[in-house]
Structures are given as structure tokens and as C-alpha cells.
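Here are my notes on this model, point by point. Please read them with the structure open.

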Amino acid sequence: MTASLSDDRALVLFSGGQDSTTCLAWALRRFAEVETVGFDYGQRHAVELECRVGIREALLRGTALPGDRLGPDHMIPLEALGRISETALTREVEIATAESGLPTTFVPGRNLVFLTFAAALAYRRGCRHIVLGVCETDYSGYPDCRDDTIKAMQVALNLGLEARLVLHTPLMWRDKAATFALAEEIGGAELLNLVIEQTHTCYLGDRMHRHDWGYGCGTCPACRLRADGFARWTAESKR
Ligand code: ZN
């Protein structure tokens with residue numbers, strides 16, 4: 001028994017952040033039918049999950065990308081993941097480097113859990129392709145973002161599901177500057193504007209302070225990475 005999966009169908013892990021929005025745009029260019037999946041694991045700030053709705057609507061309405069390829073959205077509740085994680089994303093813990101050497105924003109095994117659920121959903125929906133915005137270049141110390149981790153997961157999932165799923169990580173070797181450049185390459189100024197205005201990155205859930213790179217507190221590690229990437233991309237594109 002092998003799963004019946006369509007080469008034209010893709011499932012994108014979509015959080016509402018810059019990276020997953022760029023991956024969603026990337027998938028809309030490549031696949032005829034694209035669905036999205038999000039996970040609610042009790043993030044301290046649900047703002048990112050709220051941004052998802054607006055971004056999907058903008059992509060459906062917009063002219064920069066074939067929005068008619070965008071299919072249904074799936075939201076999977078994963079409260080248990082939040083409950084077993086003592087991290088700065090789900091509890092009132094300071095964002096810093098923990099004794100383990102990993103940042104306190106690390107939710108142990110998060111991407112492994114996400115991928116397992118995404119694969120089960122892709123299997124049901126007949127999607128051969130799964131797209132996720134993990135990246136090893138701007139390495140924040142998250143071992144489940146590494147290329148080898150994702151490749152090992154693809155092997156494990158295909159064995160465990162008796163399937164031939166393909167995991168795509170278009171951002172794996174791009175830094176944040178290159179991710180801004182990719183958004184412009186895929187969807188021009190319209191997509192770039194969408195990324196800046198509507199995607200959310202800030203660990204503190206700040207949607208009050210507007211910078212040239214978008215909204216956020218400007219000082220948490222996620223904001224700093226995004227601001228630095230935007231500055232480098234701007235400098236490079238002016239050259
Ligand atoms: Zn921030």
C-alpha cells in the first residue's frame with residue numbers, strides 16, 4: 001500500500017512570519033494547488049497566528065502571485081507541546097541563552113512534531129510536497145532546523161507512512177537578507193510590501209512599533225535578525 005499523492009499539490013507550514021510567508025509565495029509559483037497548515041501550541045503571543053489570516057487574504061486578492069492556487073488552511077491544536085515546554089515563547093521566561101547553550105526560545109523537538117502532523121495531513125490531502133521555512137544559515141541554535149534533521153525526517157516519515165513525500169526547504173541556505181531578496185524576486189514590490197507590513201517575527205508580539213523592516217519591538221533576537229537582514233539587503237540592492 002502506497003499513498004496516493006499528487007505531484008501538483010503542496011502543503012506549506014505557515015506561521016504568519018516572514019520565512020513561512022516567503023515559502024508560501026515560493027510554493028504558489030511552483031504548485032497548482034497549495035494548502036497551508038498552522039499550529040497552535042499555546043504561543044504566548046497569538047499575534048502571529050492572527051497575521052496568517054490577513055496574509056492569506058492578501059495573497060488571494062493580490063496580483064503578484066497566482067492566488068487562485070491557494071487552497072484551504074488547516075489549524076492543528078498542539079497545546080500539549082506548549083505544556084511540556086518551559087520556553088520563552090510559551091511561558092513568561094526571559095529570552096536568553098539557557099544552561100544548555102540553546103536560546104530559551106527553543107521548544108524542544110518542535111519542528112519534528114510539526115513535520116509529523118504535517119505529513120499526516122499531507123497524506124490525507126494527497127499532497128506530495130511539504131514546504132517549510134527552516135534555515136541553517138541564520139542559525140539560532142535550533143537543532144531541528146538543520147538540513148540533516150529535515151532530510152532524516154523525510155526518510156523517517158516516508159518509511160513510517162509508506163509514502164514518497166518530498167520536504168522542501170527553500171530558505172535552508174539563505175540568510176535573512178537573501179530571504180528579503182527572494183520575496184522580491186518571487187512577487188516583486190507587492191510581495192515585499194506584504195512581507196514588511198503583515199508578517200510577524202517579534203518574540204514579544206509587538207505590533208505597535210513600525211520600522212522600515214516591519215513591526216516589532218526592535219530589540220528581541222528575532223527583531224534584530226530581521227532588522228539586520230533588511231539593512232544588509234537594502235545596502236546590497238543599492239549597490
Ligand atoms: Zn521583537
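1. A convention comes before the helix pairs. Angles over 145 degrees between N-to-C directions count as roughly antiparallel, and angles of 65 to 115 as roughly perpendicular. Note also that this is a predicted model.

2. Take helix α2 (residues 47–61) and helix α6 (residues 176–198). Their axes cross at roughly 165° and come within 11 Å. The two helices are therefore roughly antiparallel to each other. The crossing of α2 past α6 is right-handed.

3. Which residues of α2 meet α6? On the α2 side they are C51, G54, I55, A58 and L59. Their partners in α6 are L191, L194 and Q198. By class, this contact holds 6 nonpolar and 2 polar residues, with no charged ones.

4. Helix α6 also packs on helix α7 (residues 221–238). Here the axes are 10 Å apart, and the angle is about 85°. That value falls in the range of 65 to 115 degrees, so α6 is roughly perpendicular to α7.

5. The α6 side of this contact consists of K176, A177, F180, A181, E184, L192, V195 and I196. From α7 come L225, R226, G229, F230, R232, W233 and E236. The contact of α6 with α7 divides into 9 nonpolar, 1 polar and 5 charged residues. Among the residues here are K176 and E184 of α6, and R226, R232 and E236 of α7.

6. Now helix α4 (residues 110–125) and helix α5 (residues 147–161). Their axes come within 11 Å and cross at roughly 40°. The pair is therefore oblique. The crossing is right-handed.

7. In that pair, α4 contributes L112, L115, T116, A119 and Y123. α5 contributes T149, I150, M153, L157 and L161. The contact of α4 with α5 has 8 nonpolar residues, 2 polar and no charged.

8. Last, the metal site. Which protein donors does the zinc ion have? They are the SG atoms of C202, C217, C220 and C223. These donors lie 2.3 to 2.4 Å from the zinc ion. In sequence, the donor residues are spaced C-x14-C-x2-C-x2-C.

9. What is the arrangement of the 4 donor atoms around the zinc ion? They subtend angles of 106 to 116°, which makes the arrangement tetrahedral. For comparison, the ideal angle for four tetrahedral donors at a metal is 109.5 degrees.

Methods. Residues numbered from 1 in each chain as written. Predicted model: local features only at pLDDT ≥ 70, side-chain atom pairs only at ≥ 80, totals over all residues. Heavy atoms only, no water. Axes fitted to C-alpha atoms, helices over the stretch in contact; angles between N-to-C directions. Helix = DSSP H or I, 4+ residues; strand = E, 2+ residues; numbered from the N terminus. Parallel < 35°, antiparallel > 145°, perpendicular 65-115°, else oblique. Left-handed = near helix turned anticlockwise from the far one by under 90°. Contact = heavy atoms within 4.5 Å. Nonpolar A, V, L, I, M, F, W, Y, C, P; charged D, E, K, R; others polar. Donors = N, O, S within 2.8 Å, 3.2 Å for Na, K, Ca; no water. Tetrahedral: all angles 85-135°; square planar, octahedral: opposite > 155°, others 65-115°.
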